[in-house]
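Biologist: I'd like to learn how to read a fold from its coordinates. Could you walk me through one, feature by feature?

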Amino acid sequence: MKTILEILKCVVLDDERAPLLKMQRLIKSRPELLLVKSSTNPDCIIDLIERADIQILFVDMEMEAMHGLEVIR
């Protein structure tokens with residue numbers, strides 16, 4: 001029996017480059033995940049979430065520009 005792998009679209013938001021790059025590598029290693037965008041800019045990600053069909057959001061909670069919970073709301 002074959003299973004159809006559902007591809008989940010995700011984005012990553014972190015104000016620090018090192019964790020952002022690590023998350024990018026982890027997501028790209030998973031065939032069921034499609035990295036749509038990663039950014040250090042919360043405004044860029046918020047705009048994308050409103051336009052695209054994003055299923056998973058990986059977000060840093062404590063960023064200087066905006067708290068992660070604000071992004072999620």
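This is a predicted model: local features need pLDDT of at least 70, side-chain atom pairs count only at pLDDT 80 or more; totals for chains, interfaces and linings use all residues.

Biologist: Which residues of α1 are buried?

Modeller: Here is the general idea. An α-helix has 3.6 residues a turn, so residues three or four places apart point the same way. In this case, Leu20, Gln24 and Ile27 are the buried residues of α1. Looking down the axis of α1, you find its buried residues within an arc of 70°, so they line one face of the helix.

Biologist: What do the buried residues of α1 pack against?

Modeller: Their packing partners are the strands β1, β2 and β3.

Biologist: How many residues does α1 have, and what does it reach from its first C-alpha to its last?

Modeller: There are twelve residues in α1, and the reach between its end C-alpha atoms is 16 Å. That is close to the 16 Å expected at 1.5 Å a residue.

Biologist: Now the sheet, please. In what order do the strands come?

Modeller: To read a sheet, follow the pairing from strand to strand. Here three strands make an open sheet, ordered β2-β1-β3, with parallel pairing. The edges are held by β2 (33-39) and β3 (56-59), each with a single partner strand, so one side of each has no neighbour in the sheet. From one strand to the next, the twist averages 20°.

Biologist: How many bridges join β1 to β3?

Modeller: Strand β1, residues 8-13, is joined to β3 by four bridges, and the two run parallel. Within that pairing, Cys10 sits opposite Ile56 in β3. Helix α1, spanning residues 17-28, packs on this sheet and touches β1, β2 and β3. The direction of α1 makes about 165° with that of β2.

Biologist: You mentioned Cys10. How many disulfides does the structure hold?

Modeller: First the general idea: a disulfide is a covalent bond between the sulfur atoms of two cysteines. This structure holds zero disulfides.

How values were computed
Residues are numbered from 1 along each chain as its sequence is written. Side-chain values use heavy atoms; hydrogens and water are left out. Two strands pair if DSSP finds at least two bridges between them. Axes are lines fitted to C-alpha atoms, for helices over the stretch in contact, and angles run from 0 to 180 degrees between N-to-C directions. Contact means heavy atoms within 4.5 Å. The expected span of a helix is 1.5 Å times one less than its number of residues. Buried means under 20% relative accessible area, exposed over 50%, partly exposed in between (1.4 Å probe, protein chains only). The arc is that of the directions from the helix axis to the C-beta atoms. A disulfide is a pair of cysteine sulfur atoms within 2.5 Å.
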